[in-house]
Amino acid sequence: TSLNFCYSTSITRSIYRSNSIITTTKVSGTIEPNIEPDDIKLPTYDVEPSGWSKSKTVTINYPDGYINEYSTNDGASWNRYVGPVKFNENGKIIARIRKDNKIFTSDSKTVDMIDNIAPQINSFSGYSKSENNYGTTSLSLSVSATDTESGIVKYIFYKVDKSSNKETKLEETTSNTINFSNLGSNNYVVYVIDKVGNVSKKELV
C-alpha cells in the first residue's frame, strides 16, 4: 500500500552578522497521510460449491476496520454482513465497506448454475414387438424428457405389479429407451433425474 503524505516543513533560518543572530524564522506543521481510493482493499467473494448445485453459499472477505454490507438486488437495499449468504436460485451479490461517510464498493459477483427445477417429461410410451399385449413377449419403453438447467443424467425404469403396486427396477441407464422380454402383466414407471438430483416421475398403465 502506498501513502501520499501532505505536510508542511519545519524550517529554522538564521542570518548571522558579526557573530550574532539577527533574525530567526520557524515554520512548523503536522504530517497527515492521504489514502487514495486505489489503496483500499475491497471485499472479495468465495462461492461454494462450484459447478451445478441446488443452492450456493457466498462468503465475503472484508478488510478490517469498516462497516461491512452487501446487496442482492443491484444496490436497491443493503444488509449488514453477519455471515455467508445462501442462494437458492441464480442471482448476483455486491459487497461494500463504509467508514466516515465514505463508501467503497466491489464489483458484483454473479451466482449461477443453481438448479431447483425438475426435468419435464413430455411423453412415456410402450409398445409390443409382437402381436401380443404389453409384456407378454417383448416390450419397448421410451420416454421423451427435457431439462433446460443442469441437464438429464439418467433414467430409471421400473415395472409395477398390478396387484401389490410394488415397484421392481428394470434398468438404470443414460438412454431414454429400453427393451425387455417376458415381462408379464405389469404397469410401468420411469424416473428422470438431472445432474443435481431433481427427479420427475411418470407412469404408464
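Visitor: What stands opposite Tyr158 in β16?
Guide: Lys169 does. Strands here are DSSP runs of E with at least two residues, numbered from the N terminus, while helices are runs of H or I with at least four.

Visitor: Before we go on, what am I looking at?
Guide: This is a predicted model, where local features need pLDDT of at least 70, side-chain atom pairs count only at pLDDT 80 or more, and totals for chains, interfaces and linings use all residues. Residues are numbered from 1 along each chain as its sequence is written, and side-chain values use heavy atoms, with hydrogens and water left out.

Visitor: OK, back to β15 and β16. How many bridges join them?
Guide: There are 6, and the two strands run antiparallel. They pair in the DSSP sense, which asks for at least two bridges between two strands. Together they form a hairpin with 5 residues between them, and Asn165 in that turn has a positive phi of about 65°.

Visitor: Which sheet do they belong to?
Guide: An open one of 4 strands, ordered β16-β15-β18-β19, with antiparallel pairing. Its edge strands, pairing on one side only, are β16 (167–173) and β19 (199–204). On average, neighbouring strands are turned by 20° against each other, direction ignored; the axes behind such angles are lines fitted to C-alpha atoms (for helices, over the stretch in contact), and angles run from 0 to 180 degrees between N-to-C directions.

Visitor: And how many bridges join β15 to β18?
Guide: 9 of them, between residues 152–161 and residues 186–194, again antiparallel. Phe157 faces Val190 there, and Tyr155 has Val192 as its bridge partner.

Visitor: Let's switch to rings. How many aromatic pairs are there?
Guide: The structure holds 4. Rings of Phe, Tyr and Trp (its six-membered ring) pair if their centres lie within 6.5 Å; planes under 30 degrees apart are stacked, over 60 edge-to-face, and the rest tilted. One of the pairs is Tyr70 with Tyr81, edge-to-face at 6.2 Å centre to centre and 85° between the planes.

Visitor: Why does that pair tie together separate parts?
Guide: Tyr70 is in strand β7 (residues 67–71) and Tyr81 in the loop between β8 (79–80) and β9 (85–87), so the pair ties together parts 11 residues apart in sequence. Ring pairs also link Tyr62, Tyr70 and Tyr81 into a cluster.

Visitor: Are Tyr70 and Tyr81 buried or exposed?
Guide: Both are buried. That means under 20% relative accessible area, with over 50% being exposed and partly exposed in between (1.4 Å probe, protein chains only).

Visitor: What about Tyr158 and Tyr191?
Guide: Their ring centres are 5.4 Å apart with planes at 80°, so that pair is edge-to-face. It links distant parts of the chain, Tyr158 in β15 and Tyr191 in β18, 33 residues apart. Both are buried.

Visitor: Which charged end sits over the ring of Trp78?
Guide: The one of Arg96, 4.0 Å from the ring centre. Lys99 lies over the face of Tyr66 too, at 5.7 Å. The criterion is NZ of Lys or CZ of Arg within 6 Å of the ring centre and within 35 degrees of the ring normal.

Visitor: Last one: how many helices and strands in the chain?
Guide: 0 helices and 19 strands. Of the 205 residues, 32% count as buried.
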